[in-house]
Amino acid sequence: MKEVALITLHGMGKVKPSYYSELEQMLKSRLGDIWTKVSFQNVQYAPILQKPEDELWAAMVATPENELDGTKLRQFFLFGFGDAGSLEHSAQTDKKQYIAVQREIQKALDHALLDFDGDATKPVVIISQSLGCQVISNYLWDAQHGSNIFSESQPDGSAQSKFRALNSLTNLVTTGCNIPLFIAGLTDRKCFAKPSDSFVWDNFYDPDDVLGWPLKQLGATYNIVRDHPINSGSILSSWNIASHGGYWSDADVVSPLADILKSKIA
């Protein structure tokens, strides 16, 4: 039987369904046979946002009177910040897409619970990248405040209900986290509460990555975060914004994550 769940959440932009593959291979190499004790689940929320973005982009470039230079950069901003802006807008108005993203998280958790034979006390570890950090932060806040998907039904005390609320989350690992971009202008910035007494939040950021930020300065409630500056990426990317895409293949992230998983396996 599986002993620990590892849940991954991707970042913003046009994301491949196999976004987790390099991380998976590196963890397998480090953990060896005990990898079989890990329930490895991957949240796939990109398709919820990508289809309308693709349709909008196609309409933009197909319109003759539109003169659009810098198409690669425009596409990056449309797909990347379009994800972020659309989710935040959905959370405040038409919640359909916001709830759909939360359902994808619950789908991954449900698969993990099956691997645990229904034991909701088994530890959960989450690693999230970029926009995925804001997504999981919102999910935890909603779980603790009965909001959004958690307002659809009252907690019934079942194993599934407790597991979906991440009561057994022991570790959150965030990489290239851009939560400050969403809440910097708020005067009262509040983090979710620790979901368990053993909960640890490690936040990895590259100083060259302008999309990745330390978090402790967001306010007193973010004192639960341990910020780690690292040098993410290859020789071609570690010194610039391209480092944003290099975290999950970097030993400074993968090795601590492997150690966390090892500590959960008897």
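How are α4 and α5 oriented to each other? The two helices are roughly perpendicular (angles of 65 to 115 degrees). The axes of helix α4 (residues 96-115) and helix α5 (residues 131-145) cross at roughly 85° and come within 11 Å. Axes are lines fitted to C-alpha atoms, for helices over the stretch in contact, and angles run from 0 to 180 degrees between N-to-C directions. Helices (H or I, at least four residues) and strands (E, at least two) are DSSP runs, numbered from the N terminus.

The model is predicted: local features need pLDDT of at least 70, side-chain atom pairs count only at pLDDT 80 or more, and totals for chains, interfaces and linings use all residues. Residues are numbered from 1 along each chain as its sequence is written, and side-chain values use heavy atoms, without hydrogens and water.

Contact means heavy atoms within 4.5 Å. Residues of α4 that meet α5 include Tyr98, Val101 and Ile105. Among their partners in α5 are Val135, Ile136 and Tyr139.

Six salt bridges were counted, each a side-chain nitrogen of Lys or Arg within 4 Å of a carboxyl oxygen of Asp or Glu. One of them joins Glu104 to Lys107, with the closest N and O atoms 3.2 Å apart. Both residues lie in α4, three residues apart, about one turn of the helix. Arg164 pairs with Asp110 at 2.6 Å. Arg164 lies in helix α6 (residues 159-164) and Asp110 in helix α4, so this pair ties together parts that are 54 residues apart in sequence. Asp110 is buried (under 20% relative accessible area), at 18%.

Notes. Parallel < 35°, antiparallel > 145°, perpendicular 65-115°, else oblique. Buried < 20%, exposed > 50% of the residue type's maximum accessible area, 1.4 Å probe, protein only.
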